[in-house]
Amino acid sequence: MAKKILELHELKREFVMGDMTVRALKGLDFEINTGEFVTIMGSSGSGKTTLLNILGCLDKPSDGSYMLDGIDVKSLNRDELAGLRNRKIGFVFQAYNLLPRTSALENVELPLFYNKEVSAEERKERAIKALDAVKLSDRFDHTPSQLSGGQQQRVAIARALVNEPVMILADEATGNLDTRTSYEIMALMQELNAQGKTIVFVTHEPDIAAFSSRTIMLRDGKLQKDSINEKPRSAKEALASLPESDDY
Amino acid sequence: MSILNLLRIAFRALKRNKLRAFLTMLGVIIGVAAVIAMMAIGQGSKQSIQASLSSMGSNMITVMPQSNTPGSVRLAGSSIQTLKLEDIAAIKRLQSDNINGLSPVVSTSGQAIKGGNNWPTSITGISPDYLHIRQLVLLDGIMFSDNDVKKSAKVCLLGKTVIDNLFPDGSNPIGQIIRFKSIPFQVIGTLVPKGQSNFGQDQDDIILAPYTTVQNRITATNYLQSIYASAVSETASDAATQEITAAVRASHKLLPSQDDDFQVRTQAELISTISSTSSMLTVLLTAIAGISLLIGGIGIMNIMYVSVTERTREIGLRMSIGARGKDILMQFLIEAVMISITGGVLGVVLGVTSAYTISYFLHWPILISQSSIVISFVVCGVTGIFFGYYPAQKASRLDPIEALRYE
């Protein structure tokens, strides 16, 4: 039986701006189980970013409930949210957000610095393992400026993996990459998913959504469509089908 | 996050902007160096003044005549003839444990002559205790005895200036006869040179003789210019002063309603007056130096604000992967403290170096106290924390969502 990782119930988020109240999310209900690869889609203004912030425990719902791995996020304070982000979530950003002039290995180690239970040796060991998992074993000492965009994003994915989170939360993770590299990243994501990682991928590209096993469409702060993708496209095959020497 | 890791992060952040970090430190460096150098100079001069005052006899007590304006006519102290040998006797009768030396002083100026050489100087009539009171040391020969005092013996001791002028050929003055105001004196001893006093007097331009000799054979007077006494220790000097005052008052038969017709001064008073002037100077110099340290602190605050703004995205990222506000606060605080402490170390080095350079070229006395170094370090640490706190707090309170999207 698949375990529930995410449970959203009547989730609402409102922003008060002067006299106006902007209702960004107007009541969302869905659940995500372990091992799912979900893409969240929607046009600009659909509430995608707001939902991402809440799922990532960077923000709290105004109303309704959000349970992450059995924990009610709404009741937590700032420091507890930080602890939850550290242990349960691995972020992957569109702009990679790696520390400049810092080696790949140290960038990957970063989340473990904020986890008191991890010793210095274990930290290094786990960071090496995470970099191995994204196939960057030969790039430990490279700084971000010495890496390509795709490699930087892989370092960022390793950083998301290193704390062994219950969920990887990607925010337009392929937005800055060309098609070939995007497919490479998606292939990596599919591989991680096959190993049992739960992945929530926010994107606006239907092309990318095709690689996932489930797609949630948002529109106007409401759930428009929640569809299971019976036959997700294989990113490896897609990569193979690309012309050999294309000029992207 | 452990302290070691925080230090590593701070070090790396500073390394990324070496020149900027150094320029920020410069304010602290100059401030600390100024504090150290100023305190070294101030304390050095204070110590040298104290040392030279002590060499005059730090436990010395002087009794001088003073006008008590009997008929509203004020007289100069030197022309008042109130101090007598009976006063000495009165003090002696006390047999006080606080006083271990007592000597009358009668002096008069005149020409000293030896053969074809002569020298204008003065002769000081004293008792043998005087050497101990003034901390004078015999270079050669002997001191005259109480018996010589009783007999008004025509013997004397000479200071170096007098010897140089009366015996320019360098011959040994001991045993020779010199004349002072046509009275012949046999030289029985010479004194170790003391050099100039703090007030520019030549302390070696002296002839010492028994006070009876000076009173009976030269001045033909029976009053004293002053009485010198010494207390057993600096702490005993207050008690000794009170005892002497009481004894002299009794001897002068003064009623309780009458003011003293003499004044008693201690060297300790003089030392504390001069020391307090010198301390005030040190405080003033240090205050000026402290202001430059304050400006250095403001420089740190300014740069830390810039640094926080510059690294807003980094802060956002750190928060998103689990850094708590406290972690971010510590990160920036340690960076600020690192700037100020490093500046402090360099400042101490620069300050000590410049203090030694000043003393080497200008021959000013310096004294580098450990406390000034310790205080500088503590002040640096506090400066870093104080001026680094607000920028660090600003960083720790950033909203991770906004910080992540900051351009």
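How many of the nine residues of helix 10 (residues 312-320) of chain B are buried? I looked this up before anything else.

**Conventions.** I worked with a predicted model, in which local features need pLDDT of at least 70, side-chain atom pairs count only at pLDDT 80 or more, and totals for chains, interfaces and linings use all residues. Residues are numbered from 1 along each chain as its sequence is written, while chains are lettered from A and ligands numbered from 1 in the order in which they are written.

**Helix 10 of chain B.** I found seven of the nine residues buried, and the helix is thus mostly covered. Helices (H or I, at least four residues) and strands (E, at least two) are DSSP runs, numbered from the N terminus. The buried residues are Glu314(B), Ile315(B), Gly316(B), Leu317(B), Arg318(B), Met319(B) and Ser320(B). I noted that they pack against helix 2 and strand 6 (89-92) of chain A, and also against helix 11 (325-362), helix 12 (370-396) and helix 13 (400-404) of chain B. After helix 10 of chain B comes Gly322(B), with a positive phi near 120°.

**Chain A against chain B.** I recorded 19 residues of chain A in contact with 16 residues of chain B; contact requires C-beta atoms, placed from the backbone, within 7 Å. On the chain A side, helix 2 (78-88) and helix 3 (104-113) are the elements that give two or more residues. Helix 2 of chain A supplies the largest share, six residues. By type, this side of chain A has eight nonpolar, six polar and five charged residues. Ala, Val, Leu, Ile, Met, Phe, Trp, Tyr, Cys and Pro count as nonpolar, Asp, Glu, Lys and Arg as charged, and the others, Gly among them, as polar.

**Chain A overall.** I listed eight helices and ten strands in chain A. Of its 248 residues, 45% count as buried. The C-alpha trace spans about 50 × 45 × 45 Å along its principal axes. Among contacts between residues at least 6 apart in sequence, 69% join residues at least 24 apart.

**Helices 9 and 11 of chain B.** I then examined where helix 9 (residues 267-310) of chain B meets helix 11 of chain B. Gly296(B), Ile300(B), Met304(B) and Val308(B) of helix 9 meet Phe332(B), Ala336(B), Ile339(B), Ser340(B) and Gly343(B) of helix 11. The residues of this contact are six nonpolar, three polar and no charged.

Methods:
Two residues are in contact if their C-beta atoms, placed from the backbone, lie within 7 Å. A residue is buried if 20 or more other C-beta atoms lie within 10 Å of its own, exposed if 12 or fewer, and partly exposed in between; C-beta atoms are placed from the backbone.
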